[in-house]
Amino acid sequence: MVDAAVIGSGPNGLVAANLLADAGWSVEVLEAQDEPGGAVRSDRGVHPEYVNDLFSSFYPLAAASPVLAGLELHREGLRWDHAPQVLAHPLLDGSCAVLDRDRSATAASLDRFAPGDGEAWLDLCHLWDRLGDGIVDALFSPFPPIRAGTVLAARIRAAGGLRLARSLVLPVRRISEEEFAGEGGRLLLAGNALHADLAPEAAGSGGFGWLMSMLGQSHGFPVPVGGAGALTAALVRRLQRHGGSVRCGQTVTKVVVRQGRAVGVVTRSGEAVPARRAVLADVSAPNLYGSLLAADHLPRQLLNDMRRFQWDFATFKVDWALNGPIPWSSSAAASAGTVHLAEGVDELTRWASQIARGLVPDRPFLLLGQMSTADPTRSPLGTESAWAYTHVPHAVKADAGADALAGGWDATEQERMADRVERQVERYAPGFRSRIRARRILAPVSLQDADANLHNGAINGGTAAMHQQLVFRPVPGMGRAETPVKGLYLASASAHPGGGVHGAPGANAARAALRSTTVLSVAQRLLTRRGRTGEKPPRTP
């Protein structure tokens, strides 16, 4: 019997397992897929000479995460690399907003859109200098982040108080209009906000767009050398070195509960895996509360709240092996690892509106990765390993384009949507399609089949909108890793602080488990003492 069973070997599950192993616990991680990693995996499935990431690729949150820093994964051989520039957003007229790790270079890029916008960007950078560490500490602390939150609140008061708080909850369209005269700065903030499912008019999207932009400005958008799977491999090696294990091909179908406490899990094959101290679930909240746990173990209110749980956007992704670099009309886009493609903030609003109305967008906003530009080991010299993804509705009502896509995503629909994605790239890089050596399509159902946590390709474990964050994540009153079942902890992106590869949900779950068992051990010692001596244990305040 192990001390802890961890369901799922995504980054959060592996972080949780590592922290428990560091504390001396015996840990077994059970993974449904044939290889570990969840949404942090890479392969040569597009072309044998090219490494492509199946899901996530760029990791600014990992670079900023104190959780991952504490694991010292460089000792396991993990190395990071960067593209010459972090991000580019080209437009059809040849102009291009560029995010560079040198803030003066970013400012110069924005001044070309409107004089003075560079200084406005530097003002946002100076604000990050004052608040950034506090924001990161609060973001990655268990909710509520009392100590880190107190420090951050004091810094916010000193940096502008209510006026600053107002700015951070603004929609990104509004804050970018207040800060920038030209389109360049607006594109950087709005495009980065849409790394989550936050439309330009969504409350709080301004703060999130600023956060992601400043992470890129400060840390870049780094990539693991050799592919996303290198990050997973480092986590697995570290865990094994500390005595933990990972078993793949083991789909957990049930969390076993006795007398209100999780005591293990059962796999699809019928194998029982008992856990002496805890079960940690790196699975989506709907899966945990709607499938793995019997309803009679859960409060009625929680079950009612879960009916209101909202997923983030569904995702459609295309991977490419290219025989040369992408022929951008704007040369500034060629040296960026990440490229955003949409013709202005208005087109981002139009695209998000189509998704909200159940329409497959006709001109999809693309997040595109030039992986060989960021890490030359990904493909032969002079070529490019690339991908692009966009979002689509979970429930398709109609197609805003001319292909009559109905959202069934059969082979024909997948090919038509992939062609649409490629046509969007062609708008900004004429001749792009002539450089495609091979492609792979990952439709919403494909992404979910490869990782059950990616419901229809939803990559953030649930919406990042304000109504499902902090104390509301995954549902009201459940902002911590603890669940209504003792010894069971939610360790996935469905828990605070949400999506992204940073390990915080896993770390929060591991620390909650360690804290709970420490409290339990103290209580048991006190009860034993009372039984032996007849004296009452001291009262705790």
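**View 1. Cysteines without a disulfide.** A search of the whole structure, a predicted model, finds zero disulfides. Take Cys96: the closest cysteine sulfur is in Cys125, 17 Å away, which is too far for a bond. A disulfide would need the two sulfurs within 2.5 Å. Cys96 is buried, at 9% relative accessibility. Cys248 is partly exposed, at 28%.

View 2. The structure holds 34 salt bridges. Arg276 is partly exposed at 47% relative accessibility, whereas Asp3 is buried at 9%.

**View 3. Arg247 and Glu28, a salt bridge.** The closest N and O atoms of this pair are 3.1 Å apart. Arg247 belongs to strand E9 (residues 245-247) and Glu28 to strand E2 (residues 27-30), so the bridge ties together parts 219 residues apart in sequence. Arg247 is partly exposed, with a relative accessible area of 25%. Glu28 is buried, at 14%.

**View 4. Asp419 and Arg433, a salt bridge from helix to loop.** Their side chains meet at 3.0 Å, N to O. Asp419 lies in helix H16 (residues 411-428); Arg433 lies in the loop between H16 and strand E19 (436-442). The two are 14 residues apart in sequence. Asp419 is partly exposed at 22%, and Arg433 is partly exposed at 33%.

**View 5. A salt-bridge network.** Shared partners join Arg166, Arg173, Arg174, Glu177, Glu178, Glu201 and Asp346 into one network.

Methods
Residues are numbered from 1 along each chain as its sequence is written. This is a predicted model: local features need pLDDT of at least 70, side-chain atom pairs count only at pLDDT 80 or more; totals for chains, interfaces and linings use all residues. Side-chain values use heavy atoms; hydrogens and water are left out. Buried means under 20% relative accessible area, exposed over 50%, partly exposed in between (1.4 Å probe, protein chains only). A salt bridge is a side-chain nitrogen of Lys or Arg within 4 Å of a carboxyl oxygen of Asp or Glu. Helices (H or I, at least four residues) and strands (E, at least two) are DSSP runs, numbered from the N terminus.
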